Amino acid sequence: GPGSSGEGGSAKERKRLGQKVMFIERTKGSEILFGVAPCSMALSQSRRDLFRLFLKESSGSRQLIMSEFVLQAMAQGVPVHHITKREMNALCKGGVHQGVCLEASPLRFKSLEEDEKPGLEGKENLKQQLIWLVLEQIQDPMNMGAVLRSAYFLGVDRVVTSQRNSCPLTPTVSKASSGAMEVLDVYSTDNIQSFLKAKTAEGWEVVGTVAKPEDVENVPVISCLEFRWSRPVIIVIGNEGDGLSLETQLLCHRMLSIPPGRVLHPGIESLNVSVATGIFLHSICSQKLRHSD
């Protein structure tokens, strides 16, 4: 209606809109995925139960994307609802939805303990250049999403998180991952230390990461640029604030650091954890590509 706030119109009309916003009752146990990439990937992967696709009533440049969504949803037998921008904002609680959201069952971590069948693949693995990424207590959903996006792009074979104090696989994480979370299998383990010990026994190399080289005791620290590898490798990334726990550090064979490009001002001495992860992964994964040529 009229009015600069976009709220105009009669009280009666506002009331009607208010009631209209209320009608969307959620399927029990569902969550609302939002954004073009997460919704599109979720529809194409069929890893979730999909209940309803919501599209913002729109015209113009986004029509094409929206009609693709309608086709994708129809192919999966998912009902499509067209709703107002206000209704969508309410459903997505302010998330950047780009005019699309999807009511779906949540994605859970896969259990590493259930999946691992020791001895079956151990010998074979050692011939391959596998790279697994282990996340110890990454708590921020934006960081978690960005890490998954980089891991997917750069060719990480498996991502494993700690069960305790880790961010769950929420719609916000999926959006921050630009849909990579919908494609990657993300595992969790209730005991990172025993997992690392087991992989070491199988012949894997465990590589930790550290913001400042002087932080580490008893483990050699090298620049990620100097790192070379010839057997399967696990790279372990620590919590945003505290880095890797001491127990985990002591299980690492080497620690990697990122050399800064200048003398740093005290107080701005570290990188965001997802950016650092991207740099570490690139320095490791780029060798994998070189070796396979």
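Let's start with a pair of strands. β6 and strand β7, residues 158-162, run parallel and are joined by 4 bridges. Keep in mind that this is a predicted model. Within that pairing, Val134 has Val160 in β7 as its bridge partner. What do β6 and β7 make together with α7? A right-handed β-α-β unit.

Now the other neighbour. 5 bridges join β6 to β11, and this pair is parallel too. Here Leu133 is partnered with Ile235 of β11.

So how covered is β6? Mostly covered: 5 of its 5 residues are buried. Look at the directions. Ile131, Leu133 and Leu135 point one way. Trp132 and Val134 point the other way. In general, side chains in a regular strand alternate between the two faces of the sheet.

Next, the packing. The largest nonpolar core has 34 residues. Leu133, Leu148, Val159 and Leu281 have the most contacts inside it. Which elements give two or more residues to this core? They are β6 (131-135), α7 (141-154), β11 (233-237) and α11 (273-292). α11 gives the largest share, 6 residues.

As a general point, nonpolar side chains in soluble globular proteins tend to be buried together.

Leaving out residues up to four places away in sequence, Leu148 touches Val159, Leu169, Val173, Ser177, Ala180, Met181, Leu184 and Val186. Val159 is on the list of residues with the most contacts inside the largest core, and so is Leu148.

That's the tour. Thanks.

Methods:
Residues numbered from 1 in each chain as written. Predicted model: local features only at pLDDT ≥ 70, side-chain atom pairs only at ≥ 80, totals over all residues. Heavy atoms only, no water. Core = buried A, V, L, I, M, F, W, Y, C linked by side-chain atoms within 4.5 Å. Buried < 20%, exposed > 50% of the residue type's maximum accessible area, 1.4 Å probe, protein only. Contact = heavy atoms within 4.5 Å. Pairing = 2+ DSSP bridges. Right-handed = clockwise from strand over helix to strand, strands pointing away.
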